[in-house]
Amino acid sequence: MQIRLSSVLVDDQEKALRFYTIVLGFVKDKDIPGPFRCLTVNSPEGAQGMELVLEPMRFPPAQTHQKALFDAGIPATAFLTEDIQADFARLKERGVKFHGEPKSMGQIISVVFEDSCGNLINLVQPLL
């Protein structure tokens with residue numbers, strides 16, 4: 001058994017694709033058209049074969065869930081980095097909205113940002 005797909009709910013797949021590729025630097029992987037378009041991106045620096053599904057919110061309870069997480073300050077997912085200060089500066093320069101500055105939290109340094117599609121994302125640098 002393997003984990004190869006992870007999803008993040010987005011309010012607009014095209015807007016999400018622009019954010020995740022142009023701003024974050026991910027690469028479009030799959031784009032399967034149809035009534036339930038399957039759109040994925042991956043990180044050139046990430047694990048081989050791992051894809052992030054940009055999942056459209058067509059189910060009203062999903063919209064409620066996403067908003068509740070956002071309003072409570074709970075990230076939808078986390079991305080790892082080897083240099084949080086460099087990524088923080090690069091993304092801030094590209095207009096990404098952060099919730100604070102990177103902070104040491106024991107064995108990690110962490111900062112939360114908005115993905116422009118209704119989600120909070122936790123950017124994490126492990127210290128081990």
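User: Which residues form one aromatic cluster here?

Analyst: Keep in mind that this is a predicted model. The cluster is made up of F19, Y20, F26, F79, F88, F98 and F113. Counting ring pairs gives seven aromatic pairs.

User: What makes the pair of F19 and Y20 edge-to-face?

Analyst: Two values decide it. The ring centres are 5.4 Å apart, and the cut-off for a pair is 6.5 Å. The planes sit at 80°, while edge-to-face needs over 60. Both tests are passed, so F19 and Y20 are an edge-to-face pair. Both residues are buried, too.

User: Why is the pair of Y20 and F79 said to tie together parts that are apart in sequence?

Analyst: First, the geometry: Y20 and F79 have 6.4 Å centre to centre and 85° between the planes, an edge-to-face pair again. Now look at where they sit: Y20 belongs to helix 1 (residues 13-23) and F79 to strand 5, so the pair links parts 59 residues apart in sequence. Y20 and F79 are both buried.

User: Which other residues of helix 1 are buried, and what caps its N-terminal end?

Analyst: Besides F19 and Y20, the buried ones are Q13, A16, L17 and V23. The cap is D12: one of its side-chain oxygens lies 2.9 Å from the backbone nitrogen of E14. After helix 1 comes G25, with a positive phi near 95°.

User: What lines the largest pocket, and which element gives the most to the lining?

Analyst: The lining has 26 residues, with F26, S43, G46, F79 and L80 nearest the pocket's centre. Strand 5 gives the most, with four residues. Other elements giving two or more include strand 3 (38-42), strand 4 (51-56), helix 3 (84-93) and strand 8 (120-126). The pocket's volume is about 820 Å³.

User: How many of the lining residues are nonpolar, polar or charged?

Analyst: Sorted by class, the lining has 14 nonpolar, seven polar and five charged residues. One thing to watch when you check this yourself: Gly goes with the polar group.

Definitions and conventions
Residues numbered from 1 in each chain as written. Predicted model: local features only at pLDDT ≥ 70, side-chain atom pairs only at ≥ 80, totals over all residues. Heavy atoms only, no water. 1 Å grid on protein atoms, 1.4 Å probe; cavity = no way out; pocket = protein on both sides within 12 Å on 5 of 7 lines; lining within 4 Å. Points joined across faces, edges and corners; volume = space filled by probe spheres on them. Phe/Tyr/Trp six-rings, centres within 6.5 Å; stacked < 30°, edge-to-face > 60°. Buried < 20%, exposed > 50% of the residue type's maximum accessible area, 1.4 Å probe, protein only. Polar contact = N/O pair within 3.5 Å; in protein donor to acceptor, adjacent residues only side chain to side chain.
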